[in-house]
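Trainee: I would like to learn how to read a model like this one. Where shall we start?

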Amino acid sequence: MSQISLAILILDINGQVALFRDLLIHIGQSRDSPELREKIRKLRRSCVEACKTTSQLIMPQLRSAAAEGIPADNPHLVLLFFMSQLFLRELAKCHRLVQVIPMDMSGYYDNRAGPSNLGNVISQILLCKQITPDFHQEELCSISKDSQEISRIIKDMQEYMPQQENNIEKNVALTGEDLNSQWISKRRRNSLYKNMGFFCCVRRPNYFFSIYANTNIHTS
């Protein structure tokens with residue numbers, strides 16, 4: 001796959017993680033509803049699959065390069081790694097919010113299939129009795145499963161992450177490298193990943209401004 005195609009996938013994941021975070025803010029608020037919970041569920045699953053697919057495209061190249069003794073240096077890996085970490089934190093938040101603020105989804109799924117009712121259908125056939133699906137528990141289990149999947153992806157990528165940051169800190173501590181040389185090293189490293197700042201959830205440009213404004217209002 002071309003570098004441009006990988007960049008498009010990375011941008012898509014960044015947008016999904018940002019939107020997922022935005023939707024979680026409304027849980028327990030006036031906009032909370034079964035429709036919102038279903039939207040969050042679908043977006044969560046889509047983001048997990050996107051992270052999984054993108055990692056499967058990047059990792060074989062890195063493993064092949066490592067087998068040939070070529071140092072791993074892939075900006076897409078770095079971006080995906082940090083965005084996966086952000087997503088994992090949002091999954092932990094999602095699990096806690098769903099656990100503390102449950103939503104009655106029974107009416108929403110009356111005329112449609114639930115998120116994963118295959119097990120209930122099989123149980124009904126085997127036990128010959130009607131089983132009421134527990135959508136709340138199923139959602140918690142699904143979030144936990146997704147968290148484990150993202151944790152596995154992060155662990156796989158961790159092995160191939162560049163080590164410049166740790167090496168620079170160790171060299172400065174051991175050799176007493178002056179500040180000018182340290183600045184040059186950091187500038188060289190930052191130029192390699194100069195586009196990283198563009199990512200990390202750009203969909204909320206006014207987020208910190210709104211917090212600052214609200215703080216000033218309360219303190220006035």
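Mentor: Start with packing. The buried residues of helix 1 pack against helix 2 (34-67) and helix 3 (75-100). Helices here are DSSP runs of H or I with at least four residues, strands are E runs of at least two, and both are numbered from the N terminus. This is a predicted model, where local features need pLDDT of at least 70, side-chain atom pairs count only at pLDDT 80 or more, and totals for chains, interfaces and linings use all residues. Residues are numbered from 1 along each chain as its sequence is written, and side-chain values use heavy atoms, with hydrogens and water left out.

Trainee: Which residues of helix 1 are buried?

Mentor: Buried means under 20% relative accessible area, with a 1.4 Å probe and protein chains only. An α-helix has 3.6 residues a turn, so residues three or four places apart point the same way. In helix 1 the buried set includes L6, I10, I13, V17, F20 and L24. Across the chain of 220 residues, 33% count as buried.

Trainee: What span does helix 1 have?

Mentor: The expected span is 1.5 Å times one less than the number of residues. Helix 1 covers residues 3-24, 22 residues in total, and reaches 32 Å from first C-alpha to last, close to the expected 32 Å.

Trainee: How many helices and strands does the chain hold?

Mentor: Eight helices and zero strands. As for contacts (heavy atoms within 4.5 Å), take those between residues at least 6 apart in sequence: 82% join residues at least 24 apart.

Trainee: How many cavities of 30 Å³ or more are there?

Mentor: Rolling a probe the size of a water molecule over the atoms shows where empty space is left. A cavity is a set of points on a 1 Å grid where a 1.4 Å probe fits but cannot get out; lining residues have an atom within 4 Å of a point. The structure holds one of 30 Å³ or more. The largest cavity has about 150 Å³ of space. Its lining has 13 residues, and R37, V98, M105, F135 and E139 lie nearest the centre. Helix 2 gives the most, four residues. The lining divides into eight nonpolar, one polar and four charged residues.

Trainee: What is the mean pLDDT of the chain?

Mentor: pLDDT is the predictor's confidence in each residue, from 0 to 100. The chain mean is 76, and 62% of residues reach 70 or more. Where pLDDT is low, the predicted coordinates should not be read in detail.

Key
Buried means under 20% relative accessible area, exposed over 50%, partly exposed in between (1.4 Å probe, protein chains only). On a 1 Å grid over the protein atoms alone, a cavity is a set of points where a 1.4 Å probe fits but cannot get out, and a pocket is an open set with protein on both sides within 12 Å along at least five of seven lines; lining residues have an atom within 4 Å of a point. Grid points are joined across faces, edges and corners, and a volume is the space filled by probe spheres set on the points. Ala, Val, Leu, Ile, Met, Phe, Trp, Tyr, Cys and Pro count as nonpolar, Asp, Glu, Lys and Arg as charged, and the others, Gly among them, as polar.
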